Amino acid sequence: PSLTQLNDIDKKIESGEASMKEVEAYYIRRVLHVSAWDVSEAASRLGIGRNTLYEKMKRYGLFPDRKDA
């Protein structure tokens with residue numbers, strides 16, 4: 001998601017209109033960003049395995065933007 005889309009998700013979360021999938025995708029992307037897209041570190045922070053994180057990244061279309069990586 002773009003920064004504009006992330007801001008829209010923030011608004012949906014605050015208003016209680018975001019789905020669990022949107023919240024999960026948002027949170028995973030934030031953890032990946034904070035972890036500098038180090039999947040092992042992000043998986044550890046999330047308390048899930050790397051393979052699970054890769055599956056969720058694929059499911060939600062989460063890939064680093066050039067400015068994130």
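A residue counts as exposed when its relative accessible area is over 50%, and as buried when that value is under 20%. The exercises below apply these terms to a predicted model.

**Exercise 1.** Determine how many helices and strands the protein chain has, and in which pattern they follow one another.

*Solution.* Begin with the count: the protein chain holds four helices and zero strands. Next, read along the sequence, which gives the pattern α-α-α-α.

**Exercise 2.** State what percentage of the residues of the protein chain count as buried, and what part of the accessible surface belongs to carbon and sulfur atoms.

*Solution.* The protein chain has 69 residues, and 28% of them fall in the buried class. The accessible surface comes to about 4,800 Å², and carbon and sulfur atoms account for 50% of that area.

**Exercise 3.** Explain why the buried residues of α4 line one face of the helix, and identify what covers them.

*Solution.* Step one is to list the buried residues of α4, which spans residues 50-60: Leu-53, Lys-56, Met-57 and Tyr-60. Step two is to look down the axis of α4; these buried residues lie within an arc of 105°, and therefore they line one face of the helix. Step four concerns the cover over the buried residues of α4, which includes α2 (20-34) and α3 (39-46).

**Exercise 4.** Find which residue just after α4 takes a positive phi.

*Solution.* The residue is Gly-61, with a phi of about 65°.

Technical notes: Residues are numbered from 1 along each chain as its sequence is written. This is a predicted model: local features need pLDDT of at least 70, side-chain atom pairs count only at pLDDT 80 or more; totals for chains, interfaces and linings use all residues. Side-chain values use heavy atoms; hydrogens and water are left out. Helices (H or I, at least four residues) and strands (E, at least two) are DSSP runs, numbered from the N terminus. Buried means under 20% relative accessible area, exposed over 50%, partly exposed in between (1.4 Å probe, protein chains only). Accessible areas come from the Shrake-Rupley method with a 1.4 Å probe; for residues, only the protein chains shown count as cover. The arc is that of the directions from the helix axis to the C-beta atoms. Contact means heavy atoms within 4.5 Å.
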